[in-house]
Amino acid sequence: MPQSIQSRVTILQEIIEAKSKYPIRATIRNTPITKPSFENFPFIIAEIKRSSPSLGNINDIPSPQNLAKDYLNAGANAISILCEKDYFKGDLEDLQEVKTTYPNVCVLRKDFITQIEQIQESYDFGADMLLLITALFAEQVNGFNQLKKLYEQTLALGLTPLLEVHNKEEIDFLKPLKPLLIGINSRNLHNFKIDKIAAYNLLFYAKEQLNSQVLFESSINSSFDGFIVGNIGFDGILCGSYLVKSPNAYEALNALKYSVSVARNSPNAFYQNVFRILQSPLGFLKICGITTKEDALMCAKVLESHLGGLLPFDKIAALGFIFIKDSPRFVLESVIREISQSLKDCPKILKIIVIQDDKESMQQAIKLYEEGIIDALQLHGVCGESFGGISLKAANFPFYEVWNIEKPSDFNASISPFVLFDSKSILGGGSGVSIDKEVLQSLKAKVDNYLCVAGGVGIDNIQQYKNLGAKMLDVNSSLESTPAKKDSKKLQAFLEKFTSLITHS
């Protein structure tokens, strides 16, 4: 049996088997049904969860009502109650207590529902919404009919179903139901592994196939994650562990909701474009060290001519401007503004500013982003949660981290959704020095296979990096005739080799 199939008989099946031991319970509902309202953005479901298979014990939560109160005061639109006993340490009594305390609040039963009798049970205990996990039915004989019966019974009782999906196949599976609300879970419930970027990108397929409100679920670790979710275009989030672990749930949720809202009004949709490029066969290409309008326009036009027909996205590649004074490719803020203006006729090219850990540079870069001059910040030399005097976990702008690597232990963990690995050198970047391939191979698993590489990338080693599975290549000095001067012929040759690896594979 393939490993992927074996994994599907482990955690998820264990939970379902444990669930089957408990009889259906009855009580009398004495609270009104409260429908979720999507009139205001974002729609936030805040969760009460004591434990999980991936995290173990999270918080005892002696009073679910008090935690719910904090959530509601911070602007939660609905409260999710995990009711599974063995793995999540929840109970239907938690749901009943919260709903009785706040009868006009919308409450979701988060559970592993497989029986039609559980729908009535949910109603009886006060649920207004009900989670239905598509993965429980998608591979079962007659699975769609089972899901349809549960879905229709949920509606018949006046409750609102939230259908959870993890991949395109599950969206196709439930499409005939025409659901009004779905949640994309970044955690695979078969093996509990997380792939955020795949989940983010699933939004676009969901919007193409369904006329649904779409929420993002799982793996929210900071308010910055909320910014990403909003920047991509989700209608809201369902968040549990991060809020439950926070010392102050009210402040955490308030900041999270603010970040999601700010991102919707962002000057650009950087992550929306880059995540799709990263998952494409071609991958994300950035030409760094641009110093003049002439080089910027030359590179942009060559990139568009080579990649425009291969990537069906609004953006296809990026140019980078080094805002580090010690670099031979340093460009002034005024020059970045001029170059950005000159690139208005090349709308498919992203503009990225490269900075080091300096407060003044950080503030200038953020200002350029807020004015729409650049699309994102590349933070060079990250080694912790703070950069340029700002907590990256609270950032409300798009960025990604650069870690200088010589050995695998040089990288710890990142806050940004993907990380660019560059070599260690006196210059820090643009040195032409490559990272050892075995080191990159060992780092690949640490970044969920989204391997992004800078340092010594050129026409002679593209094949090696692609063989490693690199999703992003950042190219600089190998494309120059002299330092800080890009060479059109070298760029043309590089792109011909770069695209041929895909078109001939």
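The predicted model has a mean pLDDT of 93 over the chain, pLDDT being the predictor's confidence in each residue, from 0 to 100. A pLDDT of 70 or more is reached by 96% of the residues. Over residues 1–9, pLDDT stays under 50. The model has 6 contacts beyond four places in sequence for residues 1–9, where contact means heavy atoms within 4.5 Å. Where pLDDT is low, the predicted coordinates should not be read in detail. Because this is a predicted model, local features need pLDDT of at least 70 and side-chain atom pairs count only at pLDDT 80 or more, whereas totals for chains, interfaces and linings use all residues. Residues are numbered from 1 along each chain as its sequence is written, and side-chain values use heavy atoms, with hydrogens and water left out.

A barrel is closed by 8 strands. Their order is β1-β4-β5-β6-β7-β8-β9-β10, and the pairing is parallel. Helices (H or I, at least four residues) and strands (E, at least two) are DSSP runs, numbered from the N terminus. Two strands pair if DSSP finds at least two bridges between them. On average, neighbouring strands of this sheet are turned by 25° against each other, direction ignored. Axes here are lines fitted to C-alpha atoms, for helices over the stretch in contact, and angles run from 0 to 180 degrees between N-to-C directions. Strands β4 (residues 78–82) and β5 (residues 107–110) run parallel and are joined by 4 bridges. Ile79 stands opposite Val107 in β5.

The largest nonpolar core has 177 residues. Such a core is a set of buried Ala, Val, Leu, Ile, Met, Phe, Trp, Tyr and Cys residues joined through side-chain atoms within 4.5 Å. Buried means under 20% relative accessible area, exposed over 50%, and partly exposed in between (1.4 Å probe, protein chains only). Helix α8 (residues 196–209) gives the most to this core, with 8 residues. Tyr71, Leu319, Leu377 and Phe421 have the most contacts inside the core. Beyond four places in sequence, Tyr71 touches residues including Ala46, Ile48, Ile79, Leu243 and Leu253.

Helix α14 (residues 333–342) also has buried residues: Glu333, Ile336, Ile339, Ser340 and Ser342. Their cover includes α13 (293–307), β12 (317–322), β13 (349–355) and α15 (359–370).

The structure holds 0 disulfides, a disulfide being a pair of cysteine sulfur atoms within 2.5 Å. For Cys239, the nearest cysteine sulfur is that of Cys106, 17 Å away. Cys239 is buried, with a relative accessible area of 3%. For Cys452, the nearest cysteine sulfur belongs to Cys288, 14 Å away. Cys452 is buried too, with a relative accessible area of 0%.

Backbone geometry comes last. Most residues other than glycine have a negative phi, and most peptide bonds are trans. A cis peptide bond joins Phe41 and Pro42, with omega about -5°. Pro42 is found in the loop between α2 (11–19) and β1 (43–48). Asn449 is not a glycine, yet has a positive phi of about 75°. Asn449 lies in the loop between α16 (437–444) and β19 (451–454) and is partly exposed, with a relative accessible area of 42%. Ala484 also has a positive phi, near 75°. Ala484 sits in the loop between β21 (480–482) and β22 (485–486). Ala484 is buried, with a relative accessible area of 14%.
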